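Biologist: I want to learn how to read a helix and a sheet from a model. Can you take me through one case?

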Amino acid sequence: MSETKEVVIIGSGPAGLTAAIYTARASLNPVIIEGEPSSTSDQPGGQLMLTTEVENFPGFPEGIMGPELMQNMRAQAARFGTDIVTAKVSKVDFSERPFKIWVGRDEEPTYLAETVIVSTGAQSLMLDIPGESRLMGYGVSTCATCDGFFFRDQEIAVVGGGDSALEEANFLTKFASKVHLLVRRDELRASQIMQDRAMANPKIEIVWNTSPLEVHGEQTVSHLTVVDNITKEERELKVSGMFVAIGHKPNTALFEGQLDMKPNGYLVAEPGTTITNVPGVFASGDVQDDYYRQAITAAGSGCQAALDAERWLEAQQD
Ligand code: NDP
């Protein structure tokens, strides 16, 4: 078993890498377990690895590609001596200190840690239909705030009937000429106020009982095949973008029974901090944020976690 680390960070999106930069510069010799490459957002770099251009991260007046931004953050963390481990955490035990963390198939704990910063993020639920992952970032998106701007004067589809979908649809009408809101049932799940707003918006057409079956396009989205769930009739819908807004799922399965969670699975942190119910374990980024969900807020929260961990370690020495 290895020596006890002062800080182990789990997850390498903007929150985890910012926590690494701060704790490395504070000479806490952090280890960051970054995940393993995959086609979902549950991979090194997190959700930004699935986007193209990021125009709202301060400091890049011309914008920057999501993967490049994450590579830059990773290089910055490495520059200050962060030990970056490309692997997945398979198990944690936060019941006593030092905390235990297992990686991959290791039988013995791979790391012992005085503090742990959990920044495993969240992932958008996806439809899992043909063309969806291939055209992710090329017309398929899960973030209207990030990508809406690229669809100026174009027709697009938003999938979902909850508050997220309606909020995205309303936001997208700032840019798009028309938004087809594809709702799989004959009812919306969203709150009444969001429903009223969507129904009053002349650019939104609600397409009831309809689900996408396939996303088409060579380089970018050209159209969808959609099905009427009552008549089973299939047709083409000509749109250049599809925003999937059917909910998010925080990556918290590892922490069940150990860290307090909200009913929706997100970790609970003390308001205004990253402190969890386990002293010495901190939660930062989307894994504890079901409201803002932005790269910049995640990065800010990673900084908070680093400072919270540093102060906690100092307090243990008093
Ligand atoms: P929800 O779970 O509330 O809604 C998901 C929607 O997606 C439902 O309409 C659901 O349909 C639909 N859906 C699920 N799976 C599929 C599928 N495979 N194909 C097509 N449609 C599908 O998720 P949200 O992200 O909208 O909201 C999550 C939480 O966040 C909610 O509590 C919401 O109120 C809150 N929120 C609040 C906001 C605000 O107040 N401004 C903004 C955004 C979110 P069905 O109804 O048939 O299950």
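Modeller: Start with contact: heavy atoms within 4.5 Å. This is a predicted model. Hold on to that cut-off for helix H2.

Biologist: What covers the buried residues of H2?

Modeller: The cover includes helix H1 (14-25), strand E3 (53-54) and strand E4 (64-65).

Biologist: Which residues of H2 are buried?

Modeller: Buried means under 20% relative accessible area. In H2 these are Gly 66, Leu 69, Met 70, Met 73 and Ala 77.

Biologist: Why do the buried residues line one face of the helix?

Modeller: An α-helix has 3.6 residues a turn, so residues three or four places apart point the same way. Seen down the axis of H2, the buried residues fall within an arc of 95°, so they line one face. Turned away from that buried side is a face with the exposed residues Gln 71 and Arg 79.

Biologist: What span should H2 have?

Modeller: H2 covers residues 66-79, 14 residues, and at 1.5 Å a residue it should span 20 Å. Its end C-alpha atoms are 20 Å apart, which agrees. Just after H2, Gly 81 has a positive phi of about 95°.

Biologist: Now the sheet. In what order do the strands lie?

Modeller: The order is E10-E17-E11-E12-E13, 5 strands in an open sheet with parallel pairing. Strand E10 (140-141) and strand E13 (204-207) are the edges, and each pairs on one side only.

Biologist: How many bridges join E11 and E12?

Modeller: Strand E11 (residues 155-159) pairs with strand E12 (residues 178-182) over 5 bridges, in the parallel sense. Glu 155, for one, has Lys 178 in E12 as its bridge partner.

Conventions
Residues numbered from 1 in each chain as written. Predicted model: local features only at pLDDT ≥ 70, side-chain atom pairs only at ≥ 80, totals over all residues. Heavy atoms only, no water. Pairing = 2+ DSSP bridges. Helix = DSSP H or I, 4+ residues; strand = E, 2+ residues; numbered from the N terminus. Expected span 1.5 Å × (residues − 1). Buried < 20%, exposed > 50% of the residue type's maximum accessible area, 1.4 Å probe, protein only. Arc of directions from axis to C-beta.
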